Amino acid sequence: VNDDEVRRRLIEKMSYLTQDLADPEPSSEEALRQFYEASPDLFTIPALVSFDQVFFSPGARGASLDADAAAGLAALRSGRAPAEVGDRTPLRESYDDAPREQVAVLFGDELAAALFGAEPGEWSGPFRSDFGLHAVRLRNRTVARLPPYDEIAARVAEEYGAARRREANERAYREMRARYDVVVELPPQ
């Protein structure tokens, strides 16, 4: 048996022994509110954007890509329908309630920064991504907010229980590791 196999079996055994070790008792309202107040990052809803995008393909447009994207943007601003302007893409034409990280991963930091700083309504761009060029129109943007405790009390209770289980499992792991010595016997050479 190799070291990786022994390690995997030990991890499986420890996970089995500590599985749901600390099924938490019902928590007091006071403990849940303290957890909520101490963990605002866990419960804050990030700023979100809803937007439309029109894609201009480098493969389809070649050397005229920049000029075609600029002309497409002008056509969109003058009221032309998005379906009549761009190229086909595997990306969606519209996104609803997308966090900044998702926009940045799909379209790049430049476009994400533009959307999170733009005013709704106007087509802007073109912005370059790994795929090509995009014209975008912000439809709506929300600001980050921490919902009041009463609005998310059930979620707070779930997160609190999960945190207590993780803490109890970590304690159990430490206690188990303290009771064992691992001895590796190498075969004679």
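**The pocket and the sheet**

Mentor: Keep in mind that this is a predicted model. Start at the largest pocket: strand β1 (residues 48-56) gives the largest share of its lining, 4 residues.

Trainee: How many residues line the largest pocket, and which lie nearest its centre?

Mentor: The lining has 14 residues, and Q53, P82, A83, D87 and E93 lie nearest the centre.

Trainee: What volume does the largest pocket have?

Mentor: About 270 Å³.

Trainee: And how does the lining divide into nonpolar, polar and charged?

Mentor: Into 6 nonpolar, 4 polar and 4 charged residues.

Trainee: Switching to the sheet. In what order do the strands come?

Mentor: The order is β2-β1-β4-β3, with 4 strands in an open sheet and antiparallel pairing.

Trainee: Why is one side of β2 and of β3 left without a neighbour in the sheet?

Mentor: Because β2 (94-99) and β3 (123-128) stand at the edges and each has a single partner strand. On average, neighbouring strands of this sheet are turned by 35 degrees against each other, direction ignored.

Trainee: Over how many bridges do β3 and β4 pair?

Mentor: Over 4 bridges, in the antiparallel sense; β4 covers residues 133-142. F127 stands opposite H134 in β4.

Trainee: Which strands does helix α5 touch?

Mentor: Helix α5 (residues 65-77) packs on the sheet and touches β1, β3 and β4. The direction of α5 makes about 160 degrees with that of β3.

Trainee: What about helix α6, where does that lie?

Mentor: Helix α6 (residues 100-107) lies across β1, β2, β3 and β4, and runs at about 125 degrees to β2.

Note on methods
Residues numbered from 1 in each chain as written. Predicted model: local features only at pLDDT ≥ 70, side-chain atom pairs only at ≥ 80, totals over all residues. Heavy atoms only, no water. 1 Å grid on protein atoms, 1.4 Å probe; cavity = no way out; pocket = protein on both sides within 12 Å on 5 of 7 lines; lining within 4 Å. Points joined across faces, edges and corners; volume = space filled by probe spheres on them. Helix = DSSP H or I, 4+ residues; strand = E, 2+ residues; numbered from the N terminus. Nonpolar A, V, L, I, M, F, W, Y, C, P; charged D, E, K, R; others polar. Pairing = 2+ DSSP bridges. Axes fitted to C-alpha atoms, helices over the stretch in contact; angles between N-to-C directions. Contact = heavy atoms within 4.5 Å.
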